[in-house]
Amino acid sequence: MTQTPLEKVLAARESIHAIKHALIQQYKLPVVSMALNIAGWPKTDRQKRKFFFHTLNKLHEHLYANRLPVSPQTAKIIDNDNGLTFIACINAPEDSAQIKIISERFEANQVLGRFIDVDVIDESGEIVSSEKQKVCFFCGQYPAIDCMRNQRHTTEELKKFQQNKIQDFLIGNHRKNQSHKLTELTIYALFTEASLHPKPGLVSPFDNGAHNDMDFNTFSRSISALSPIFNQFYLKCLDPNQNLTIEDMRIWGIQAEKKMNAATEGINTHKGAIFLMLLVGKIITDIIKTNESISIQAIKNGLKNYNKHIENDKAQVYEQTHGNIVQKAFPQLKAGIRQQVMDGLPAVFQGGIIPMYTRHFSPQQKIEELSATLKISLLSIMEQNIDSNIIHRGGPELLKILKQKAKESKVALLEKQNHTYNEFCKWTKNKNLSPGGSADLLALTIFIYLCTINPLLKPYEF
């Protein structure tokens, strides 16, 4: 005879009850269980399973933080017609009443705590109750048991309510994790660029390059100071209720530069990198919000939306940056980071990122292999980038020479010959040339590459 959904659920609960009591009889320890309080039938689906395992992970953290160790040999996850249920004995000196208090605190601290049931059974097999009546998760006005007995809400209302709440929670949590990952990748990219040694004319952990006003410690302080700004920025960008304007983004840039200047005592370590990371970071978050995959083409398409804003930016008139000074002196060269962006970042997409893919760059690579890829990527960028820092220090003719030397050094490195590259590094230092724009583009290249391959940044799967 075919069982009704209710009969299936009741039979499943009896099975779970028997497992709990068998554990108590065998181990003489209290049992904690966790299940979802789901209305209607079926009791589980893809979304609810995700929510269950997310919550279970939080429960393990909560129990451990309260020094209530789960007995590993007793831990079980039951998957039946009542949905998923976690069961385990607790091997701790606290009595069952105290364990119940701790479990209730866990429920109360969860965003969707009313969808979670954490039960405690003592060593004698009795359910431990606080005698508190739980409020209905739908209306929040009456005790849940009262709403159920008086049928104040239909099953379909409750199911839809829970489905929407769980989905919103999971998407929000996914976005928060993505924000943290974007911040992690941004900081990794900036530190990796700064840590590369040797570099032509640039600061590294063992050499100040063509600089006498900054060292690796200056860069470390700057990057550390920028970390919270990037995290807050990505969180704001990923908020479905937020749509940052170009003016909003400039405010974030101003705040980031203030943090940098405070950390470095006014030394410009990352002005160009801040501009690039915020701009491309915003484009990547826009791609994520549309639930598309992050790809090179999608980023290129996003860049086009900012061309007019950059071209008409009045700051180019009154800001005395190296890029603006060079642009006014040599307008025909179309130099600088702003021009790179308006051209679609060719130094990145036609230069630096190609060896990242062909050499399968990974932060887990051995340092020799990782360093070689980064050097080849940097040289590929320098070949193509019309770096305003080089023009400012040495003029257009030295830029031509530098680009040729970068090309020759890259060819030598691809043949695993380091001498040409090392001589190039000495030459830039002697000529007082520092390709700072190319360094910023290398950091951006690392960031973009890692974003395109990171599974956490993929669209949320419903």
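**Exercise 1.** Determine which element gives the largest share of the lining of the largest pocket, and describe that lining by element and by residue class.

*Solution.* The coordinates are a predicted model, in which local features need pLDDT of at least 70 and side-chain atom pairs count only at pLDDT 80 or more, whereas totals for chains, interfaces and linings use all residues. Residues are numbered from 1 along each chain as its sequence is written, and side-chain values use heavy atoms, with hydrogens and water left out.

On a 1 Å grid over the protein atoms alone, a pocket is an open set of points with protein on both sides within 12 Å along at least five of seven lines, a cavity is a set where a 1.4 Å probe fits but cannot get out, and lining residues have an atom within 4 Å of a point. Points are joined across faces, edges and corners, and a volume is the space filled by probe spheres set on them.

Step 2 gives the volume of the largest pocket, about 1,800 Å³. Among its 45 lining residues, Arg13, Asn37, Asp117, Ala144 and Met148 are the closest to the centre.

Step 3 assigns the lining to elements, which are DSSP runs numbered from the N terminus (helices H or I, at least four residues; strands E, at least two). Two or more residues each come from helix H1 (5-27), strand E1 (31-36), helix H3 (96-109), strand E4 (116-121), helix H4 (144-149) and helix H5 (155-195). The largest share, 5 residues, is that of E4.

Step 4 sorts the lining into 19 nonpolar, 13 polar and 13 charged residues, where Ala, Val, Leu, Ile, Met, Phe, Trp, Tyr, Cys and Pro count as nonpolar, Asp, Glu, Lys and Arg as charged, and the others, Gly among them, as polar.

**Exercise 2.** Find how many cavities of 30 Å³ or more the model contains, and characterise their linings.

*Solution.* Step 1 is the count, which comes to 2 cavities.

Step 2 takes the largest cavity, with a volume of about 50 Å³, whose lining consists of Leu36, Ile38, Lys43, Thr44, Lys48, Arg49, Phe52, Asn82, Gly83 and Leu84. Helix H2 gives the most to this lining, with 3 residues, and the residues divide by class into 4 nonpolar, 3 polar and 3 charged.

Step 3 turns to the second largest cavity, which holds about 40 Å³ of space and is lined by Phe51, His54, Thr55, Gln110, Val111, Leu112, Ile116 and Phe169. The largest share of this second lining, 3 residues, again comes from H2, while its classes are 5 nonpolar, 3 polar and no charged.

**Exercise 3.** Count the aromatic pairs, and classify the pair of Phe115 and Phe161 and the pair of Phe233 and Trp252.

*Solution.* Step 1 applies the rule that rings of Phe, Tyr and Trp (its six-membered ring) pair if their centres lie within 6.5 Å, with planes under 30 degrees apart counting as stacked, over 60 as edge-to-face and the rest as tilted. The count comes to 12 aromatic pairs.

Step 2 treats Phe115 and Phe161: their ring centres are 6.3 Å apart and their planes stand at 80 degrees, so the pair is edge-to-face. The pair links distant parts of the chain, since Phe115 is in the loop between H3 and E4 and Phe161 is in helix H5, 46 residues apart. Accessibility is classed as buried under 20% relative accessible area, exposed over 50% and partly exposed in between (1.4 Å probe, protein chains only); Phe115, at 3%, is therefore buried, whereas Phe161, at 21%, is partly exposed.

Step 3 treats Phe233 and Trp252, with centres 5.6 Å apart and planes at 70 degrees, so this pair is edge-to-face. Phe233 belongs to helix H6 (residues 216-238) and Trp252 to helix H7 (residues 246-264), 19 residues apart. Phe233 is buried at 0%, and Trp252 is buried at 12%.
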